[in-house]
Every structure is written in structure tokens, then in C-alpha cells.
Amino acid sequence: MTLPNIPDAEFETRRERARQMAKEAGLDALVIWSRSGNSVEAYGDLFYLTNFVSLFPCVPDRKTWSSRGHAALILPVDGAPVLLTDYLDDPEDRIKVTDVRFALDLAAGTGKALADMGLLDRRVGMVGMMSYLVSAHQRLEAAAGRPVAFESADHILEHLRLIKSPSEIAMLRHSASVGKKWMDATMAALVEGNTEGDAVGAGLAVLAANGGTQQDIAIASGPNAIHYMGSSGVPHWNVQRALEPGDLVHVDLWGPVFGYYTDFARSTVVGGKPDGGQKELLEGSRALIHHIIAGIEPGKTRFCDLYTRGTAWLDANGFANHKSTADETNNFSQQFPCFGHAIGLGIDGPWIVEDEQTVIQPNMTIAVEALVSKLGVGAANYEEDVLVTDKGAEILTSACDGVRWG
């Protein structure tokens, strides 16, 4: 089977676009700082430009090392990029940068490289503030021998990553196809006598065999179905309570397949025979998401417009919206006032929230989601991944059955 891939030349094209945006912002260089791929979180910006993630786990600093499980790309506006990593072992020749340097003390190595490249007195943007720690900055400055001031530049990579190339769309289509298999295996194991953990395990076996890994899985059932996750510990699923006929269950799973994410949700009832209240939730959550998706008009609709559309549907159909204080709400809906987000090399922005003004454009990929609930019944979760086209939206996860009850 031939798998999709990103052509080598596309990485240089991406870097050149990042250089141009940095130049337009008055910057002389960017530092793209990334966490490890093992954390399956915050690796996207570096991976997007280099096809590389550190394979080392994130561990506490010691005198010997710093920022283990991280990597940094220094991208001058004029000049060749330098990739610094705490772990270099690339048997498949994946890295798309020529100058790659190993640095056991990654923060210090980055500071030294900035000095060697003559960038300490220049305007340098930092991309990766969600993973760049104060402790790393202190060691970087010590190695540089002087204070170093970075300017926030996260918006550059968010902007570049938002519109997907044809090769990225192919990757996301493949991720959705693997996600279908993952979800099907998980849902098929939601049978009497199994635990949530049994269902999660059945799905993970399929995911791993198809080149994916999970960031997390939110599953809740039976008396805990009102909650987003079945356990507030680690892991987030219940491994003790056996599923019973009539249990309402919802599953939200997300993670990368060869780097690109699949992220969607389905709900059902153990035994496939919902009562009236359960059926209302199951059908309502699905109808809500498809109603939001139907409102996508490329070049016109803003992310906040989708939020307004979703909230209006909840109000019109007797479900509590995110701001409701009524007793039928669940904590997740109040704490996550959102109907989804962009998706690609991670759970990305922009988000479908009430104040996000970004206009939706063709070749964006978005995950549209909601958890709806009723007091005394529980909650149902539904989510689809969509590709924005010139005409509207194509549901990438449509092949995964959305109705799993009689």
C-alpha cells in the first residue's frame, strides 16, 4: 500500500513563506521551539518546517542537560536554517534540513548558535511559547553571555499551517480513514461485560497497526455519561465498571497518523436500544454538528459565525448553551465554550468560539464538535472532521457510521 507523503520541496517552500512573513513583521530571524513527538503535543510548528521531532521524552533539567524532549530551528530571514536537537538518530533520513546539530544542553546550544550566527543584536521572533520555559531562557541567556529578548511570533506558523496544501489534504484524508478503523474497533468493543478500558484497548491495537498514536481518548458511560471523561485520574477511562445494556456511551478520540491528526466523536447505547431521552441526545448531538457544518460558506463565514449558529440551534431545540446555568448542563460544556477548532499537525487554532473573527477559506480543515446533555439522562458527543472546499464543506469522517443504535 502506497502511503501519502509531503514532498521534500514543500518543506523549503514552507520555510521561505515563513521567512517572508518574518521579514514583513520586521524580524531578522525566527526560533521555532518544539516539544517532543512523544508528548504528541506542540510538535507541529517544527515538524511543519523540518519533518523532525525529538524522540526523547521530556524530563527535568540537570546540570548535564536542559530541555530534553525539545528541539529548535533557527530560521534567518537571509541565510540557511540550523536545527538543534537533544537526540539525533534518524535511520530513515527524514530530516529536511541540512545543518543539524546535536546539543545535550539544548537551551545553551541554541543560545550559542544564535551568537555564532550574529543574531543576538537582531530582532528575533519566538514560535513555540506554549512549550518554551523560563528555565530554558535562563540557560540560553547564560550561554549567549547576555540578555536575549524574543518577540512573540506564534501567529506566523498558525497562519501558514491553516491553509492546507494538496499533499497535506491527502495526509488528512488518510488520517481520517485510519480514524474510522480506530473508532469502529473502539465502538465494537462497547458490549456488556467489557469496561471502557477494554474498548479503548481494542481501538488502540488498530490505531498502532495503521501508523497512528493517541494523544488522548475521552470516553464516559452509564452513570458517568454526563461527564466528558469516565475517570478524572490517569488514564481518563474507567477500567473497573463493566458496561451494562442500556448504558449511554460517548467516545472522543484524537491523535496523529504519520504526523497528521484525526479527531472525532461518536456516541451509542450498549445493546443499541436507546430509550426516549437517550435517543433525543444521540440524534440531537449529530443534528447539531451537521447543522453547524451546513453553515460554512468559504470566504464569507467566520469561525464566530459557526459558534453563533451552534448556540442558536441549542436554544431552538431545548438544549442548554455554553453560558446556561440551568441544571441540565454538564461541566464540560460550561468549561469548553466552543464548537471545535482547526486540525492538522495537532489540535490547532483558530477555534470556533464567539470572538474568533478569522474567515473560513478553502483548504482549511476543521473539527466540529459538541457534547450535549440532559439532566437524568447523560450526555452524547458528536464530532466530524471537515475539509473546506470552494463550495462548502466535505466531511472527511463521513465513512464512520454516525448512527449506532436501532
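Q: What makes L88, F102 and L104 a nonpolar surface patch?
A: In this predicted model, L88, F102 and L104 together make a patch of about 270 Å². To join a patch, residues need over 30% relative accessible area and no salt bridge, and nonpolar side chains are linked within 5 Å. So L88, F102 and L104 make a patch by that rule. As for F102, that residue is found in strand β4, residues 99–102.

Q: Why is M183 called buried?
A: The cut-off for buried is under 20% relative accessible area. M183 comes out at 0%, so it counts as buried. M183 lies in helix α6.

Q: Which residues does M183 touch, not counting those up to four places away in sequence?
A: They are V251, L253, F264, A265, R266, C400 and R404. Contact here means heavy atoms within 4.5 Å.

Q: What makes the 42 residues a nonpolar core?
A: Members have to be buried residues of the listed nonpolar kinds, joined through side-chain atoms within 4.5 Å. The largest such core has 42 residues, and L30, I32, L73 and I156 touch the most other members. Elements giving two or more residues to this core include α1 (8–24), β1 (29–35), β2 (70–76) and α6 (166–188). Apart from it lies another core, of 31 residues, L248, V269, I292 and L306 among them.

Q: Which residues is L30 in contact with, leaving aside neighbours within four places in sequence?
A: Among them are A18, A22, L73, I74, V124, A153 and I156.

Definitions and conventions
Residues are numbered from 1 along each chain as its sequence is written. This is a predicted model: local features need pLDDT of at least 70, side-chain atom pairs count only at pLDDT 80 or more; totals for chains, interfaces and linings use all residues. Side-chain values use heavy atoms; hydrogens and water are left out. Buried means under 20% relative accessible area, exposed over 50%, partly exposed in between (1.4 Å probe, protein chains only). Helices (H or I, at least four residues) and strands (E, at least two) are DSSP runs, numbered from the N terminus. Patches are made of residues with over 30% relative accessible area and no salt bridge: like charges are joined within 9 Å, nonpolar side chains (Val, Leu, Ile, Met, Phe, Trp, Tyr) within 5 Å. Accessible areas come from the Shrake-Rupley method with a 1.4 Å probe; for residues, only the protein chains shown count as cover. A salt bridge is a side-chain nitrogen of Lys or Arg within 4 Å of a carboxyl oxygen of Asp or Glu.
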